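Here is my note on the model, point by point. Please read it with the structure open.

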Amino acid sequence: MLLDKFPEEQINRRLVGLALIFHDCGWSKLSEEEVASSLGVTGLKLTEPATKPKERHAVEGEKIARNILASYNFEPPLTGIEVETICKSVLYHDKPEVVADANQPMPLEVKLLVDLDHLWSFTHENFWQDTVRKGVKPKEYLHNLRQDLDSYFVTNEGKDLARKLLSEREAEVLGLEKPN
């Protein structure tokens, strides 16, 4: 859906796909306690205890991706720049502020991975799951998502799609409030 907003020749879909596969593999290196503490959020902003595991999963994920990409014989082979783009995507996928920094231009593929990963928070499945696992009321979570949306996404296309998904979640929450 988001990738369709960009011309085929503008992005390397293979890199985006590989980055999506690898982006959260670092969680496999963390303890259950670290994973649980990573759920601490206010809106979409991490609480202090949640920051370290989130950062560690990205670092570990980049190591795993780099090892697999170096040992697998892709056809056609990946270039060094492609491997670096995938690894940079994995490392920075939870840091939209770094990816959006105009002083540090990032490839579009990295920006797209950030937005694709973050769109998950706005889907029906994840929205309702997060209200339970983060212990937040649906209306409050809607407010949090709305408040943080612009800083959470890197591309205008990602922001537009997130707003559309947010409208769908708002309709669901309002539907729960209406008497039958």
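Is Lys134 buried or partly exposed?

1. Lys134 is partly exposed, at a relative accessible area of 25%. The scale used here calls a residue buried under 20% relative accessible area, exposed over 50%, and partly exposed in between (1.4 Å probe, protein chains only). Asp130 is Lys134's salt-bridge partner, with the closest N and O atoms 3.2 Å apart. Asp130 is buried, with a relative accessible area of 1%.

2. A word on the basis of these values. This is a predicted model, where local features need pLDDT of at least 70 and side-chain atom pairs count only at pLDDT 80 or more, while totals for chains, interfaces and linings use all residues. Residues are numbered from 1 along each chain as its sequence is written, and side-chain values use heavy atoms, with hydrogens and water left out.

3. Salt bridges in total: the count comes to 15. The rule asks for a side-chain nitrogen of Lys or Arg within 4 Å of a carboxyl oxygen of Asp or Glu.

4. Look next at Glu34 and Arg56. Their side chains meet in a salt bridge of 2.7 Å, N to O. Glu34 sits in helix H2 (residues 32-37) and Arg56 in helix H3 (residues 48-71), so the pair ties together parts that are 22 residues apart in sequence. Helices here are DSSP runs (H or I, at least four residues), numbered from the N terminus. Glu34 is partly exposed at 24% relative accessible area. Arg56 is also partly exposed, at 30%. A network of salt bridges links Glu34, Arg56, Glu60 and Lys63.

5. Helix H9 holds both Arg169 and Glu172, three residues apart, about one turn of the helix. The two form a salt bridge, and their closest N and O atoms are 2.8 Å apart. Arg169 is buried, with a relative accessible area of 4%. Glu172 is partly exposed, at 23%.

6. Where does Thr155 lie? Its place is the loop between helix H8 (138-152) and helix H9 (156-177). Thr155 counts as buried, at 7% relative accessibility. Its side chain joins that of Asp115 in a polar contact of 2.5 Å. Such a contact is a pair of N or O atoms within 3.5 Å; within protein, one must be able to donate a hydrogen and the other to accept it, and residues adjacent in sequence count only if both atoms are side-chain atoms. Leaving out residues up to four places away in sequence, Thr155 touches Leu2, Phe6, Leu108, Lys111 and Asp115. Touching means heavy atoms within 4.5 Å.

Methods: Helices (H or I, at least four residues) and strands (E, at least two) are DSSP runs, numbered from the N terminus.
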